[in-house]
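I would ask you to keep the sequence and the model in view while I speak.

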Amino acid sequence: MPIHSDWGDWLPRAIHDARPSGVAIWYLGCNGFALKANDGTTLLIDPYLGTGDPPRTVRMVPVPFEPDDIRYADAILATHEHTDHVHGPSQAPILANTGATLYGPDASIAVTADEDWTAEWTVGAEQLVEVSEGVSFELGPLSISVEPANDPDADHPVSYLIEHDAGTFFHGGDTKPGPALEPIGNRYDIDLGVLALGSVGMIPDKETREPTLTQWYADENGVIEAARSLQLDRLLPSHWDMWKGLTADPTALFDHARSFEHPRTLEIVEIGDRVDL
């Protein structure tokens with residue numbers, strides 16, 4: 001199904017026109033982000049422009065742009081293989097139009113093969129790069145390290161640490177709290193970290209379509225536990241806005257975080273908003 005956005009191309013234009021002194025970060029809804037460094041290096045993390053699988057999963061936020069609206073990008077980072085993180089109609093046209101590279105773990109790269117991105121969207125095989133925990137690479141002034149994540153619903157999830165002179169940004173994908181996070185917090189001084197937040201809800205099973213008790217994301221206590229393990233200075237909750245039946249109130253995190261040293265501050269953003277390192 002073709003992707004259509006009622007927003008036009010104002011957000012991609014805002015990203016293209018921005019001249020950050022450090023790193024500018026835009027929230028794309030769901031768990032998607034765009035980052036732009038002071039030299040113009042631009043990367044996207046988990047950009048998803050689909051509407052889900054109604055009535056099982058129903059998108060609750062606007063589609064912020066169409067893939068062809070992205071005219072410049074250096075890379076897309078995939079945290080894991082779920083459709084709202086690796087999605088051919090959302091991401092393959094961006095690769096084809098910009099020459100950007102998709103970096104992702106093996107299960108994510110397998111999706112590109114299953115969907116035949118190289119034939120359906122004329123994406124070059126060299127644009128699909130498999131990464132795993134412990135790998136680091138450079139994109140302009142950005143140093144990117146692949147770290148573990150704790151997402152039992154995924155085949156092979158990873159998180160990303162992105163370092164710049166202006167600060168360090170962490171994207172955990174759909175990670176929940178777990179022992180993998182504390183070593184990350186001890187190893188890096190994380191200025192801003194993204195953690196997925198959601199409620200527990202009754203979602204139709206993928207096969208039977210019977211309503212099933214579902215928790216895909218950490219709840220308020222889980223998000224703060226993860227933020228404490230990572231020793232985040234600033235916590236930015238994501239994913240809370242996306243799926244009907246699993247949405248959450250991110251402002252509730254203020255009370256959950258109040259008595260802890262980390263996170264020090266809470267950043268509440270909506271789709272289309274910008275924050276900076």
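In helix H3 (residues 106-114), the buried residues are Ala107, Ser108, Ile109, Val111 and Thr112. Buried denotes under 20% relative accessible area, exposed over 50%, and partly exposed the range in between, with a 1.4 Å probe and protein chains only. Helices (H or I, at least four residues) and strands (E, at least two) are DSSP runs, numbered from the N terminus. This is a predicted model, in which local features need pLDDT of at least 70 and side-chain atom pairs count only at pLDDT 80 or more, while totals for chains, interfaces and linings use all residues. Residues are numbered from 1 along each chain as its sequence is written, and side-chain values use heavy atoms, with hydrogens and water left out.

What covers the buried residues of H3? The cover includes strand E7 (101-104), helix H4 (117-120) and E8, where contact means heavy atoms within 4.5 Å. Just after H3, aspartate 116 adopts a positive phi of about 55 degrees.

**The chain as a whole**

The secondary structure comprises seven helices and 18 strands. For 277 residues, a compact globule would have a radius of gyration near 19 Å, and the 17 Å of this chain agrees with that. The radius is taken over C-alpha atoms, and the globule rule is 2.2 Å times the number of residues to the power 0.38. Along the principal axes, the C-alpha atoms fill a box of roughly 50 × 50 × 35 Å.

Of the 277 residues, 57% are buried. Among contacts with a separation of 6 or more, 67% come from residues 24 or more positions apart. The chain exposes about 11400 Å², of which carbon and sulfur atoms supply 47%; accessible areas come from the Shrake-Rupley method with a 1.4 Å probe, and for residues only the protein chains shown count as cover.

**The sheet containing E8 and E18**

I turn now to the sheets. Seven strands form an open sheet with mixed pairing, in the order E8-E7-E6-E3-E2-E1-E18; two strands pair if DSSP finds at least two bridges between them. Strand E8 (128-130) and strand E18 (274-276) stand at the edges with a single partner strand each, so one side of each has no neighbour in the sheet. On average, neighbouring strands of this sheet are turned by 20 degrees against each other, direction ignored. Axes here are lines fitted to C-alpha atoms, for helices over the stretch in contact, and angles run from 0 to 180 degrees between N-to-C directions.

Within this sheet, strand E2 (residues 33-37) and strand E3 (residues 42-45) run antiparallel and are joined by four bridges. Lysine 36 stands opposite threonine 42 in E3. Helix H1 (residues 10-17) packs on the sheet, where it touches strand E1 (23-27), E2 and E3, and its direction makes about 25 degrees with that of E2.

**The sheet containing E9 and E17**

Another open sheet of seven strands, again with mixed pairing, has the order E9-E10-E11-E12-E13-E16-E17. Strand E9 (136-139) and strand E17 (265-266) are at its edges; each has a single partner strand, so one side of each is left without a neighbour in the sheet. Strand E16 (residues 234-238) runs parallel to E17, and two bridges join them. Leucine 235 stands opposite leucine 266 in E17. Helix H6 (residues 220-230) lies across strand E12 (167-171), E13 and E16, at about 150 degrees to E13.

Glutamate 147 belongs to strand E10 (residues 142-148). Is glutamate 147 buried or exposed? Its relative accessibility is 9%, and therefore it counts as buried. A polar contact of 2.6 Å joins its side chain to that of tyrosine 188. A polar contact is a pair of N or O atoms within 3.5 Å; within protein, one must be able to donate a hydrogen and the other to accept it, and residues adjacent in sequence count only if both atoms are side-chain atoms.

Threonine 57, in strand E5 (residues 57-58), is buried at a relative accessible area of 8%. Its side chain reaches the backbone nitrogen of aspartate 53 at 2.8 Å. Not counting residues up to four places away in sequence, threonine 57 touches Thr51, Gly52, Trp216 and Trp243.

Finally, serine 199 lies in the loop between strand E13 (192-196) and strand E14 (201-204) and is partly exposed, at 23%. The side chain of serine 199 reaches the backbone oxygen of threonine 247 at 2.8 Å. The C-alpha atoms of these two residues, 48 residues apart along the chain, are separated by 5.8 Å.
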